[in-house]
Amino acid sequence: AGALALVALTMLRSRPSELLHLTVHNFSSIAYLGIFCGALVFWLWSAASARAAPSTVALSVLANPVVAMVLGTAVLGERPAVALIGGTACVGIGIAFAVYPNARISNR
């Protein structure tokens, strides 16, 4: 559903004739992301919800950009901007505080 919404948004923001320039590879990539990855994420979310607290499972949504940055750098050789590294660090620290609430630094 999300992939179809993005195609519809693309049609609204650009000329629909530009969709004619998409190849079979482009459409198959959209279908793969929309069907396979969507189903995989739904299955993983359901499996995690059965085994962990809902608040912990909800934190996995925040880990998505962190994993994307790490994989983009490691696998694709992308060079992350300083703002992306800083934002990723902030998200990681926030997740750590949420998962380990008793590990916060105490003021003595």
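How do the residues lining the largest pocket divide into nonpolar, polar and charged? I opened my notebook with that. The model I am reading is predicted.

**Entry 1: the pocket**

I looked up the lining and counted by type. Seven residues are nonpolar, two are polar and none is charged. The lining residues are Val41, Leu44, Trp45, Ala48, Ser60, Val61, Ala63, Asn64 and Val67. Helix 4 gives the largest share, with five residues. I noted the volume of this largest pocket as about 310 Å³.

**Entry 2: the whole chain**

I stepped back to the fold. I found five helices and zero strands. Along the sequence the pattern reads α-α-α-α-α. Next I checked burial. The protein has 108 residues, and 6% of them count as buried. The exposed surface comes to about 8,800 Å². Carbon and sulfur atoms supply 72% of that surface.

**Entry 3: threonine 88**

Threonine 88 sits in helix 5, residues 82-99. Is threonine 88 buried or exposed? Its relative accessible area is 13%, so I put threonine 88 down as buried; the cut-off for buried is under 20%.

I looked at what the side chain of threonine 88 reaches. At 2.7 Å lies the backbone oxygen of leucine 84. Then I set aside neighbours within four places in sequence. Threonine 88 is still in contact with Val66 and Met69.

Methods:
Residues numbered from 1 in each chain as written. Predicted model: local features only at pLDDT ≥ 70, side-chain atom pairs only at ≥ 80, totals over all residues. Heavy atoms only, no water. Helix = DSSP H or I, 4+ residues; strand = E, 2+ residues; numbered from the N terminus. Buried < 20%, exposed > 50% of the residue type's maximum accessible area, 1.4 Å probe, protein only. Areas by Shrake-Rupley, 256 points an atom, 1.4 Å probe, with all protein chains shown as cover. Polar contact = N/O pair within 3.5 Å; in protein donor to acceptor, adjacent residues only side chain to side chain. Contact = heavy atoms within 4.5 Å. 1 Å grid on protein atoms, 1.4 Å probe; cavity = no way out; pocket = protein on both sides within 12 Å on 5 of 7 lines; lining within 4 Å. Points joined across faces, edges and corners; volume = space filled by probe spheres on them. Nonpolar A, V, L, I, M, F, W, Y, C, P; charged D, E, K, R; others polar.
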